[in-house]
Each structure stands twice: as structure tokens, then as C-alpha cells.
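This briefing covers salt bridges and a metal site. Please view the sequence and the model together while reading.

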Amino acid sequence: MDEIDALYQEVILDHYKRPRNWGAPEHCDRKADGHNPLCGDRMTVYVDLDGERIADVHVDGAGCAISVASASIMSETVKGHTVAEAQQLFDKFHAVVTGQTGADANDPALQKLAVFAGVAEYPARVKCATLAWHTVNAALSDQGDTVTTE
Ligand code: ZN
């Protein structure tokens with residue numbers, strides 16, 4: 001394992017052990033449930049909107065280290081962005097974790113999301129890494145149903 005990998009592992013473990021913005025808030029404008037049946041990850045994403053801007057994001061649920069760390073980092077990353085900007089971030093993040101050609105894990109817009117670049121080598125974990133993003137998307141587009149990665 002090289003130094004970058006070790007650093008990334010550390011960030012993922014830190015967010016898994018102490019996930020940020022975790023727990024159901026008293027109030028939210030939108031919410032959606034997400035489920036990754038392959039791994040058993042389940043989460044609910046709560047969003048507060050201020051016009052087009054994402055004022056606050058909370059997540060509640062349980063899952064593997066990758067899914068929880070990804071949800072924690074997602075909540076930190078999209079907060080303060082507009083819904084359209086969050087969608088663009090998801091597109092870039094999705095391209096990186098699925099190993100699409102032209103995807104750039106060093107894109108500064110991705111910030112901490114770059115720690116998941118290694119997931120591209122493990123297709124089964126891609127769904128863990130993207131669950132929170134699919135779920136926040138469902139919340140933002142106000143779909144009432146549970147989203148699953150299948
Ligand atoms: Zn998982």
C-alpha cells in the first residue's frame with residue numbers, strides 16, 4: 001500500500017468511526033431512503049433547502065465502512081451548494097468510482113471525494129460508495145420511494 005492509499009484509508013476510517021451530520025434532524029424539507037441489498041447498507045438522507053441551495057444535510061442509517069464514510073463525506077461536500085452543483089459533483093464522483101475514461105480524481109471540485117477513487121477497482125463496492133448520492137438525489141428530486149442500487 002503506498003502513502004496515498006494509506007492516507008485515503010485513514011480518511012475513510014475516520015468518517016466511518018465518527019460520521020459527520022449523522023442522525024435524524026428534528027426538521028427537514030426533503031428526505032429519501034436508500035438501500036443497497038448487495039451489501040445490506042441502509043440509510044435515510046434528510047435535506048434542508050434554502051431556495052435552490054442545500055442549507056443542510058443529515059444522514060441516518062447503518063452500513064459498511066465505505067457506505068457510511070461516503071455518506072458522511074457527501075453530507076459535508078454538498079452542503080452550501082445548489083442542487084445543480086450537487087448533481088454535477090455526483091456526476092464527477094460517479095465517473096471516478098466507476099473508473100470511466102476521462103474521469104479525474106484530482107479534480108479540485110471533488111475535494112475529499114477523491115479518497116474513493118480506489119473503489120473503481122472493486123465493482124461490488126461502487127454501490128456502497130454511491131448509495132448516499134443516489135439517496136440524496138432522490139430526496140432532492142422529491143421521489144417518495146426508497147431508492148435501491150439494484
Ligand atoms: Zn456496503
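The points below go through the conventions, the salt bridges and the zinc site.

This is a predicted model, in which local features need pLDDT of at least 70, side-chain atom pairs count only at pLDDT 80 or more, and totals for chains, interfaces and linings use all residues. Residues are numbered from 1 along each chain as its sequence is written, and side-chain values use heavy atoms, with hydrogens and water left out.

**Salt bridges**

- Side chains of opposite charge can pair when their charged atoms come close.
- A salt bridge here is a side-chain nitrogen of Lys or Arg within 4 Å of a carboxyl oxygen of Asp or Glu, and the count by this rule is 6.
- R20 and E76 form a salt bridge whose closest N and O atoms are 3.9 Å apart.
- Because R20 lies in the loop between helix 1 (3-17) and strand 1 (30-36) and E76 in helix 2 (residues 65-78), this pair ties together parts 56 residues apart in sequence; helices (H or I, at least four residues) and strands (E, at least two) are DSSP runs numbered from the N terminus.
- D56 and K79 form a salt bridge with a closest N and O separation of 3.1 Å.
- D56 is in strand 3 (residues 53-62) and K79 in the loop between helix 2 and helix 3 (83-97), so parts 23 residues apart in sequence are tied together.
- E76 also meets K112 in a salt bridge, at 3.1 Å from N to O.
- E76 lies in helix 2 and K112 in the loop between helix 3 and helix 4 (123-140), so the pair ties together parts 36 residues apart in sequence.
- A network of salt bridges links D14, R18, R20, E76 and K112.

**Exposure of the paired residues**

- E76 is partly exposed at 33% relative accessibility, where buried means under 20% relative accessible area, exposed over 50%, and partly exposed in between (1.4 Å probe, protein chains only).
- K79 is partly exposed at 36%, and K112 is partly exposed at 36%.

**Zinc site**

- The protein donors of the zinc ion are C39 (SG), D41 (OD), D41 (OD), C64 (SG) and C128 (SG), at 2.2 to 2.6 Å from it.
- Donors are N, O and S atoms within 2.8 Å of the metal (3.2 Å for Na, K and Ca); water is not among the atoms, so sites may look incomplete.
- The donor residues are spaced C-x1-D-x22-C-x63-C in sequence.
- D41 lies in strand 2 (residues 41-50) and C128 in helix 4, so the pair ties together parts 87 residues apart in sequence.
- D41 and C128 are both buried.
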